[in-house]
Amino acid sequence: MERHWEPLGQGLRVLVSPSHGFSTDTLLLADFSLPKANARCADLGSGCGVIPLLWCHRGRPGSVLALEVQKDAVELMDASVRDNGMEGRIAPVLGDIRDYKSLLPHQSLDLMASNPPYFAPGTGAVSRDPGRGLARHSQSFQLSDLAGAAFYSLRHGGRLCICLPSVRLIEAVCLFHDRGLEPKRLRLVQQRPGKEPYLFLLECRKGGGAGLAVEETLMLTDGSGSYSREMERIYGDYLESNRKEPSNA
């Protein structure tokens, strides 16, 4: 398997492979869910560990448990954690989210984040790459599994942050509300002015009261095709260390 190091920012890098990498969506969720100081956190479906690495690089969480079901992805994550000197802060864990009662702490986490498989089983195009396929579709990682894990592991008032295609917004809001994880904060993501939102970022709170704050829509690019100021802020030193060109998608 071909592996290579990719810069994430000044003094931070991640080991990736053709099957396990990251996208703009990963960086958006890392920023949207940035932990408070000393927070106990978990990232479920962590892949090669980009979100935990960015949390620890840009914030000061107390600890981060990074759960991933694919062994080769956990190996990449292990290497990145050691390379960046974060062994005492990030704990990579190999396991299936459906076994959350044996893998996760009970009612003690302050924050949980997840970039779950984007499509429900039976929908969306299927990738030929097994690793990428699990990131897009998975019978073993559905929103109901995530809701169960979050309700079990989060303390009262703890936060769950997710990123999904906009077509799944109503499904997610209804499911998490029914599971005692009240949707409290929503941000839609749009490629550029004139396009429909294609993605949403959602924060739910365990035991939270009714009321959803809808934030200003996040534009990836401005009218000229350049990154918006907000995207330049989110990319931060990643943009400087590994310049990305805006997509025309």
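**Salt bridges and a helix pair**

E203 and R205 form a salt bridge in which the closest N and O atoms are 3.2 Å apart. The model is a predicted one. Twelve salt bridges are present in the structure. The points below cover some of these pairs, and then the packing of helices α1 and α2.

**Salt bridges around E203**

- E203 also forms a salt bridge with R185, and here the closest N and O atoms are 2.8 Å apart.
- This pair joins distant parts of the chain, since E203 lies in strand β9 (residues 199–206) and R185 in strand β8 (residues 181–190), 18 residues apart.
- E203 has a relative accessible area of 3%, and it is therefore buried, the limit being under 20%.

**The salt bridge between R187 and E230**

- The side chains of R187 and E230 form a salt bridge, with a distance of 3.0 Å from N to O.
- This pair also links distant parts of the chain: R187 is in strand β8, while E230 is in helix α8 (residues 229–235), 43 residues apart.
- R187 is buried, because its relative accessible area is 13% and the buried class covers values under 20%.
- E230 is partly exposed, with a relative accessible area of 25%.

**Packing of helices α1 and α2**

- Two packed helices are described by the angle between their axes and by the distance between those axes.
- Helix α1 (residues 24–32) packs against helix α2 (residues 50–58) at an angle of about 40 degrees, and the axes are 9 Å apart.
- Are α1 and α2 parallel or oblique to each other? They are oblique, because an angle has to be under 35 degrees to count as roughly parallel.
- The crossing of α1 past α2 is right-handed.
- On the α1 side, the residues in contact are T26, L27, L29 and A30; on the α2 side, they are V50, I51, L54 and W55.
- Sorted by class, this contact between α1 and α2 consists of seven nonpolar residues and one polar residue, with no charged residues.

Terms used. Residues numbered from 1 in each chain as written. Predicted model: local features only at pLDDT ≥ 70, side-chain atom pairs only at ≥ 80, totals over all residues. Heavy atoms only, no water. Salt bridge = Lys/Arg side-chain N within 4 Å of Asp/Glu carboxyl O. Helix = DSSP H or I, 4+ residues; strand = E, 2+ residues; numbered from the N terminus. Buried < 20%, exposed > 50% of the residue type's maximum accessible area, 1.4 Å probe, protein only. Axes fitted to C-alpha atoms, helices over the stretch in contact; angles between N-to-C directions. Parallel < 35°, antiparallel > 145°, perpendicular 65-115°, else oblique. Left-handed = near helix turned anticlockwise from the far one by under 90°. Contact = heavy atoms within 4.5 Å. Nonpolar A, V, L, I, M, F, W, Y, C, P; charged D, E, K, R; others polar.
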